[in-house]
Amino acid sequence: MTHALVQAVKAAAVAIAVFAATPSLAAEGGAHPEKAGWSFSGPLGHFDRGQLQRGFKVYREVCASCHSMNLISFRNLMEEGGPEFSEGQVRQLASEYKVTDGPNDAGEMFERPARLSDRFPSPFPNEQAARAAQGGAYPPDFSLLAKARTYSRGVWLSLLDLVLQYQEHGPDYIHALLTGYDHQPPEGSHGQTGLHYNPYFPGGWIAMPKPISDGQVEYPDGSPTTVEQYSRDVSAFMMWAAEPHLETRKRIGFQVMVFLIIFAGLLYFTKKKVWSDVAH
Amino acid sequence: MSGHSTYNPQNPVLKWFEARLPIVGLIHSSFVAYPTPRNLNYWWTFGAILSVMLGVQIITGVVLAMHYTPHVDLAFNSVEHIMRDVNYGWLLRYMHANGASMFFIAVYIHMFRGLYYGSYKAPREVLWMLGVVIFLLMMATGFMGYVLPWGQMSLWGAIVITNLFSAIPIVGEYVTTWLWGGFSVDNPTLNRFFSLHYLLPFMIAGVVGLHIWALHVTGQNNPTGVEVKSTSDTVAFTPYATLKDGFAVVCFFIFFAWFIFYTPNYLGHADNYIRANPLQTPAHIVPEWYFLPFYAILRAIPSKLGGVVAMFSAIIVLFFLPWLDTAKVRSAKYRPLYRYFFWIFVVVCILLGYIGASPPEGLYITVGRLLTAYYFLHFLVILPVLGLVEKPLPLPASITEAVLGPNHGGVSVVPSSSAAAPERRA
Ligand code: HEM
């Protein structure tokens, strides 16, 4: 056992050494996002309610004019583990939106105020309309975007990410993208007309104009009204939207781990006792 | 499953039942009284781990199927419905998705264990070949399962892999159309993949039954590779192996739980959280990690047909392994040269995986070709020749001697060919 284990470790070491020697995967994403540091990272991570509420405000007042979020219902905003707005607040909010329902008894579609169970209404009736309004580009739906975006960290760092539980590639990328509009394009790099330079976007040229500027959204809780703060808050909100049970998952995970480790310990000593009369 | 049982029920009801259907006796002889070599190490616990993981996959899979909709317009959202609205749906899905990866980690360790200790050699050839059948079924199941959430990688992975069949001469096009149920990967494809993904694990369960049956006919191999010769070489399955396996399974679950609860999307691909779109090809189409070495072999050959043939041969060659390896001695412990070639082979497989994940350009192509050549060289040249030229180290007379030292050679020495069901011969 020990012999084979030592051999296995050796083989793994050789394999890793060869990885390190080979040129790492070309990073097509361009600039690497910086780790922004999130309250929801790590084994005990949890969302910051205030941050999710602010992030939602940014989404609603800025991003929602272009981006849909059609897997989220109004009721989700008051559920445990999310922004946890009060039921009254969410009812009030929903009633400010109009949704199409029907057909009614006369066979006609009609508009009514949204209810808690309704999904967030989309800014455009369909993808074509969205593209037409954005010069051909499609603003992706927000519901899963924080899990649908990542950036490559190469073999070494990826192995480390597993051990250190770095899982926030998506929010880090979005945060970097939103704060990354003020860079100058490198000499000789030209995007098509209508595209904006952003070193964090794969290829460097993005159809989304700089979406948010300092002071654009008011914060009732006195948090700084800067692009830096807005992007953190909206990225955290998007992570919640993509993984609404993240908090429960980590909480249960901790309990499961404690249980399994104790159980393994008990089994180990039982096994040891039973095997103590057999040389092996 | 080794013949007549030592099970003697005293309870009249059990007695009555046993006389009519001796299933309790079968279980008793297979999992309680079954003699297992006393010197097995933890690499031998992966069979139990695999059995448990198969159970985990089937149970989570059946419940997921209650909430999943196999339709191109609904599949993606139905998975998100599971993640968001079904009670503990996120747990079920993360267990199932990561469970597949755990299953492959365990099966690769299990197979390399077999390679190291020569477990595929006579009299265990059929046992080994059933294992390869299980492996093939697992790959088919894993591939079709990944298509079900209907994200970008689901669709494009399915397109790449099913297109391979069009390389078959003459009938290729017909076969591909037949597989698709149309002229592209579309709703009929998703429907049949769901149906098959539900079916195959039960076929795996059936073959695992045969696999364990064959195991219990020949008895287990062990780290010395020397057959069981007397009762002093073995211990009863329960409590010895049961507890050791149980401990290993719980340790494996700790590893599994790390993925489920803390890094659930680590082994997946971010693009699969984007709904499938036949009009938009992702920048890199990469299969799941467990297919990467075979994907590298596929791409190493410049012709499409050649690549497909090489890829399938890489697995088919395993069926012939018992006859390609000419060495009489089983365990690498006593094979000074094979031991090195074994570890070289392990490294080659890992590197093939790395090449499979890299873009097919420049140096990666050359290295991929060299590694592919070595993969086949290992089986077709090195193993046959090694058995003829290598001088094995002296073998212990018995397992007992290997454990306790000389002069403990066991009580009654019987020829190794009658090692099966040793409890009746001791
Ligand atoms: C669903 C997948 C599988 C399950 C559930 C399974 C289960 C088992 C179990 C319970 C054992 C006995 C315990 C042990 O020796 O580890 C075993 C032994 C064995 N398996 Fe598998 N197995 C699977 C796949 C495979 C594959 C893919 C191969 C190889 C291609 C394989 C080859 C073997 C061999 C050679 C043995 C005998 C090992 C020995 O006693 O030395 N198995 N299997």
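By class, 28 nonpolar, 13 polar and two charged residues make up the lining of the largest cavity; here Ala, Val, Leu, Ile, Met, Phe, Trp, Tyr, Cys and Pro count as nonpolar, Asp, Glu, Lys and Arg as charged, and the others, Gly among them, as polar. The model is predicted, so that local features need pLDDT of at least 70 and side-chain atom pairs count only at pLDDT 80 or more, whereas totals for chains, interfaces and linings use all residues. Residues are numbered from 1 along each chain as its sequence is written, chains are lettered from A and ligands numbered from 1 in the order in which they are written, and side-chain values use heavy atoms, with hydrogens and water left out.

The space in the largest cavity amounts to about 950 Å³. A cavity is a set of points, on a 1 Å grid over the protein atoms alone, where a 1.4 Å probe fits but cannot get out, and lining residues have an atom within 4 Å of a point. Grid points are joined across faces, edges and corners, and a volume is the space filled by probe spheres set on the points. The lining of the largest cavity comprises 43 residues, and His96(B), Ala97(B), Gly145(B), Tyr146(B) and His197(B) are the closest to its centre. Two or more lining residues come from each of helices H3 (46–65), H4 (75–84), H5 (89–117), H6 (125–147) and H9 (187–218) of chain B, with the largest share, nine residues, supplied by H5(B). Helices (H or I, at least four residues) and strands (E, at least two) are DSSP runs, numbered from the N terminus.

In total, the structure contains seven cavities of 30 Å³ or more. The second largest cavity holds about 120 Å³ of space. Among its 15 lining residues, Gly157(B), Ala158(B), Ile161(B), Pro287(B) and Glu288(B) lie nearest the centre. Chain B helices H6 and H7 (152–163) each supply at least two residues of this lining, and H7(B) provides the largest share, six residues. Twelve of the lining residues are nonpolar, two polar and one charged.

Trp44(B), Gly47(B), Ala48(B), His110(B) and Leu215(B) are the closest to its centre among 44 lining residues. H10(B) gives the most to this lining, with seven residues. The lining of the second largest pocket divides into 25 nonpolar, 15 polar and four charged residues.

A nonpolar core is a set of buried Ala, Val, Leu, Ile, Met, Phe, Trp, Tyr and Cys residues joined through side-chain atoms within 4.5 Å, where buried means under 20% relative accessible area (1.4 Å probe, protein chains only).

Chain A has 280 residues, of which 41% are buried, and its secondary structure comes to nine helices and four strands. An unreviewed UniProt entry lists residues 252–270 of chain A as "transmembrane region"; UniProt annotations may be inferred rather than shown by experiment. This span is 100% helix and 0% strand, with its end C-alpha atoms 27 Å apart. The annotation "domain: Cytochrome c", also from an unreviewed UniProt entry, covers residues 50–161 of chain A, where the chain is 36% helix and 7% strand.

Notes:
On a 1 Å grid over the protein atoms alone, a cavity is a set of points where a 1.4 Å probe fits but cannot get out, and a pocket is an open set with protein on both sides within 12 Å along at least five of seven lines; lining residues have an atom within 4 Å of a point. Buried means under 20% relative accessible area, exposed over 50%, partly exposed in between (1.4 Å probe, protein chains only).
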